[in-house]
Amino acid sequence: MKKTKLIIFDIDGTLTDSVKIHQDAFNKSLVAIGVKEFNDKFGTYKHHTDSHIAKFIFETATNEPFDKALQDRFEDNLYDLITNHKVLEIAGAKQFIEYLERETEFAVCYATGSFFKPAIYKLEQINVKCHTDLLIASNEIEEREKLLETAIENALKHHEVERFERIISFGDGVWDLLTAQNLNIEFVGIGSTNYEILTEKGMEKHFNDFTEIDRLSI
């Protein structure tokens, strides 16, 4: 089926129940590279991405550059810690993705603030496979808007279409909603953790998990 529309999925908290696992591993990885004290309220940083937050915290704490070698080391440590855990899906996520890919005009891609290797592991844990060009992580991109823009560009190339008639972003965080609003694309909220603040900031469509979605309404 020709793909004329696009859904962009966040991963942590949206497709996988992995927010706490990731944050705990992230904190330990900062300590492993020599950071002793830092603000762990990650939603308060300018960009809610691993690359931005790790770089900002490390450089502020040490006055040394967070270069490519150090980022790779940080990502490897983060990955090793996360793979000690089994990651569960948000109910219905895999089945919903399979439905979109098999029975609809929606293409699927992924844009995550996580580093790449942990993101792939999380998708593998819920048996979701994706082409690597359809998973945009934060290794080389700090801004959430740029993550989504790159995901859209790659999806257009992958599916050989000039434009998508409709684009929807699925996410669980305030940053997901604000990014969608900044790019003027539709947003669907998933999960109950941030429901009240997302609603206050303009979220119009929300589901606790993917089993609640009336597929015909998407």
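The largest cavity of this structure is lined by Ile8, Phe9, Asp10, Ala111, Arg144, Leu148, Ser169, Phe170, Gly171, Asp176 and Thr179. Here a cavity is a set of points, on a 1 Å grid over the protein atoms alone, where a 1.4 Å probe fits but cannot get out, and lining residues have an atom within 4 Å of a point. The elements that give two or more residues to this lining are β1, α6 (144-159), β4 and α7, and β4 gives the most, with three residues. The volume of the largest cavity is about 60 Å³, a volume being the space filled by probe spheres set on the points, with grid points joined across faces, edges and corners. One cavity of 30 Å³ or more is held by the structure.

The model is a predicted one, in which local features need pLDDT of at least 70 and side-chain atom pairs count only at pLDDT 80 or more, while totals for chains, interfaces and linings use all residues. Residues are numbered from 1 along each chain as its sequence is written, and side-chain values use heavy atoms, with hydrogens and water left out.

Six strands form an open sheet in the order β3-β2-β1-β4-β5-β6, with parallel pairing. The edges are taken by β3 (135-136) and β6 (206-207), each with a single partner strand, so one side of each is left without a neighbour in the sheet. Helix α4 (residues 93-103) packs on the sheet, where it touches β1, β2 and β4 (166-171), and its direction makes about 135° with that of β2. For this angle, axes are lines fitted to C-alpha atoms, for helices over the stretch in contact, and angles run from 0 to 180 degrees between N-to-C directions. Helices (H or I, at least four residues) and strands (E, at least two) are DSSP runs, numbered from the N terminus, and two strands pair if DSSP finds at least two bridges between them.

Strand β1 can be followed to its partners on either side. Five bridges join β1 (residues 5-9) to the parallel strand β2 (residues 106-111), and isoleucine 7 has valine 108 as its bridge partner in β2. Five bridges also join β1 to β4, again running parallel, with serine 169 of β4 as the bridge partner of isoleucine 8. Serine 169 in turn has phenylalanine 187 as its bridge partner in β5, and β4 and β5 are parallel strands joined by four bridges. Four of the five residues of β1 are buried, so β1 is largely enclosed by the rest of the structure. Strand β5 (residues 186-190) is also largely enclosed, because four of its five residues are buried. Buried means under 20% relative accessible area, exposed over 50%, and partly exposed in between (1.4 Å probe, protein chains only).

Serine 18 lies in the loop between β1 and α1 (19-32) and counts as buried at 1% relative accessibility. Its side chain makes a polar contact with the side chain of threonine 16 (2.6 Å); such a contact is a pair of N or O atoms within 3.5 Å, where, within protein, one must be able to donate a hydrogen and the other to accept it, and residues adjacent in sequence count only if both atoms are side-chain atoms. Beyond its neighbours within four places in sequence, serine 18 is in contact (heavy atoms within 4.5 Å) with Asp12, Gly13, Val87 and Lys122. Serine 114 is found in the loop between β2 and α5 (116-125) and is buried, with a relative accessible area of 2%. With its neighbours within four places in sequence left aside, serine 114 is in contact with Asp12, His22, Asp50, Ala119, Lys122, Ala137 and Ser138.

Isoleucine 33 has its place in the loop between α1 and α2, and at 11% relative accessibility isoleucine 33 counts as buried. Not counting residues up to four places away in sequence, isoleucine 33 touches Phe58, Phe66, Leu70, Arg73 and Phe74.

The largest pocket has a volume of about 740 Å³, a pocket being an open set of grid points with protein on both sides within 12 Å along at least five of seven lines. Its lining comprises 35 residues, of which Val19, Gln23, His48, Asp172 and Trp175 lie nearest its centre. The elements that give two or more residues to this lining are α1, α2 (50-62) and α7 (174-183), and α1 gives the most, with seven residues.
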